[in-house]
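Please keep the sequence and the 3D view side by side while reading.

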Amino acid sequence: MLSPPHEGEGPLTQVFMDITVAYFHSLFHPECVRRDFEKIRAIGAGSIVYAIHEQEEQRWSRDFERGFHLAQEAGLKVYLSLGRFGNLFAGPLTVPSWYTFRHPQSQVKDRHGTVHDMTCFNSEDFRSWLFKEIEYYVTTYPVAGLVLDEPCVPNITCFCSVCRALCPDITDLQHFRRRSMIEFFDKLFSHAKDAQPCLKTAIVLLPQDFALVDELASISALDTIGGHLFWQLLGEDVAMVERWSSSLVKATRRANKRSQLWLQNFNIDKQTEKALEPAFNSLVKAEPDDLACYYFWRNNDNPEQVWQTTCNLLRRIPRRQLYWRRPAISRAPVAPLVKQEEIAES
Ligand SMILES: [Zn+2]
């Protein structure tokens with residue numbers, strides 16, 4: 001068993017602006033993974049997000065454990081994203097939830113009795129299974145944090161037997177579902193932190209769900225609220241990134257949570273590459289606590305170029321602002337961006 005990470009190790013206690021990189025790649029080839037992690041560390045990242053799908057750990061626990069060792073060696077913390085557990089969150093693979101597949105009785109049922117392809121988060125059996133899984137991960141591996149990516153915000157009112165029993169007033173079921181989702185996150189994160197008190201927790205939302213931030217504020221066990229500002233994927237002009245960034249950072253501060261803004265550096269064609277810089281500038285302008293992006297993620301026209309551009313942009317953040325050079329202050333104002341040449345000179 002690996003030792004869990006401890007808060008206060010070395011100079012990493014106070015965070016100013018973190019850089020987080022999603023690493024959605026195989027852990028099977030250790031030398032490749034080591035090289036990748038070193039590259040990620042070299043751009044100033046302090047953490048990676050690794051996504052696990054339900055059935056994976058059982059089949060490659062050695063690779064998984066080795067991945068954590070390699071991340072530790074490179075000086076990277078590992079945040080674990082629960083990929084598509086119960087079909088309730090996003091994940092890098094478009095595989096259906098194994099749990100939902102094997103427990104059809106747990107599925108969301110609408111007013112017409114039609115079942116939907118996700119488990120109801122009020123299902124006691126599901127909660128008990130999920131919380132045990134989380135407990136296992138955070139006590140077996142040195143997981144620094146837990147991430148729920150793009151949780152399915154309910155647009156279907158669930159009429160399953162559990163929901164009906166918990167909320168006998170049918171006219172209140174719709175609101176009940178939203179309330180119980182917040183309660184579900186609260187229980188999930190509280191349980192995870194009970195199992196591993198050093199654990200950090202995060203929820204990452206799509207812009208259309210930013211209204212949820214005010215409700216998420218009530219969850220004391222939730223540390224970070226992130227935004228997937230995927231302008232290209234959502235068919236918006238890159239100018240929207242500035243508006244989304246500002247609105248999310250303001251809302252997270254109101255909610256007394258950390259903010260994390262994600263750069264869409266995937267699914268980028270030659271034309272869209274030009275928009276990476278204005279998108280990045282919009283993220284930084286909002287002064288988030290954490291900037292996040294992807295390591296060689298899917299469907300770029302020129303993967304190498306997109307990664308290089310991402311690195312160049314991230315290197316513009318003055319080094320003194322990165323947490324490992326700035327141990328004492330959190331959430332100080334962001335200094336203006338400096339050009340690449342100035343960094344080289346300093
Ligand atoms: Zn239900």
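In this predicted model, Ser282 is in contact with Val241, Glu242 and Ser245, once its neighbours within four places in sequence are left aside. Ser282 belongs to helix 10, which spans residues 276-285, and it is buried because its relative accessible area, 8%, falls under the 20% cut-off.

- Besides Ser282, the buried residues of helix 10 include Leu276, Ala279 and Phe280, together with Leu283 and Val284.
- An α-helix has 3.6 residues a turn, so residues three or four places apart point the same way.
- The partners against which the buried residues of helix 10 pack are helix 9 (240-254) and helix 11 (303-315), along with strand 9 (258-262) and strand 10 (290-294).
- After helix 10 comes Glu287, a residue whose phi is positive, near 55 degrees.

- Strand 1 (residues 18-22) is mostly covered, with five of its five residues buried.
- Which residues of strand 1 lie on one side, and which on the other? Asp18, Thr20 and Ala22 are on one side, Ile19 and Val21 are on the other, and all of them are buried, so that both faces of the strand are covered.
- Strand 1 pairs with strand 10 in the parallel sense over five bridges, and within this pairing Val21 has Cys293 of strand 10 as its bridge partner.
- Strand 1 also runs parallel to strand 2 (residues 47-53), to which three bridges join it, and here Thr20 stands opposite Ser47 of strand 2.
- Strand 3 (residues 77-83) is paired with strand 6 in the parallel sense over three bridges, and Tyr79 has Gly145 in strand 6 as its bridge partner.

**The zinc site**

- The zinc ion is coordinated by the SG atoms of four cysteines, Cys120, Cys158, Cys160 and Cys163, at 2.3 to 2.4 Å.
- Why is the arrangement of the donor atoms around the zinc ion tetrahedral? The four donor atoms subtend angles of 98 to 115 degrees around the zinc ion, and the arrangement counts as tetrahedral because all of these angles lie between 85 and 135 degrees.
- Along the sequence, the donor residues follow the spacing C-x37-C-x1-C-x2-C, and the pair Cys120 and Cys160, 40 residues apart, links distant parts of the chain.
- Cys120 sits in the loop between strand 5 (115-119) and helix 5 (124-140), whereas Cys160 sits in the loop between strand 6 (145-149) and helix 6 (161-166).
- Both of these cysteines are buried, Cys120 with a relative accessible area of 0% and Cys160 with one of 7%.

**Nonpolar cores**

- The largest nonpolar core has 95 residues, and those with the most contacts inside it are Phe37, Ile40, Phe184, Phe185 and Leu216; helix 7 (residues 173-195) provides the largest share of this core, nine residues.
- Apart from this core lies another one, of 15 residues, which includes Ala22, Tyr79, Ala202 and Trp262.
- Phe37, when residues up to four places away in sequence are not counted, touches Tyr23, Ile48, Gly67, Leu70, Ala71, Ala74 and Leu76.

**Helix 5 and the chain overall**

- Ser128 lies in helix 5 and is partly exposed, with a relative accessible area of 36%.
- Ser128 and Leu188, although 60 residues apart in sequence, are 9.9 Å apart in space from C-alpha to C-alpha.
- The protein chain contains twelve helices and ten strands, and 54% of its 346 residues count as buried.
- Among the contacts in the protein chain with a separation of 6 or more, 75% are accounted for by residues 24 or more positions apart.

Technical notes:
Residues are numbered from 1 along each chain as its sequence is written. This is a predicted model: local features need pLDDT of at least 70, side-chain atom pairs count only at pLDDT 80 or more; totals for chains, interfaces and linings use all residues. Side-chain values use heavy atoms; hydrogens and water are left out. Donors are N, O and S atoms within 2.8 Å of the metal (3.2 Å for Na, K and Ca); water is not among the atoms, so sites may look incomplete. Four donors count as tetrahedral if all angles lie between 85 and 135 degrees; four count as square planar and six as octahedral if opposite donors are over 155 degrees apart and all others between 65 and 115; anything else is irregular. Helices (H or I, at least four residues) and strands (E, at least two) are DSSP runs, numbered from the N terminus. Buried means under 20% relative accessible area, exposed over 50%, partly exposed in between (1.4 Å probe, protein chains only). A nonpolar core is a set of buried Ala, Val, Leu, Ile, Met, Phe, Trp, Tyr and Cys residues joined through side-chain atoms within 4.5 Å. Contact means heavy atoms within 4.5 Å. Two strands pair if DSSP finds at least two bridges between them.
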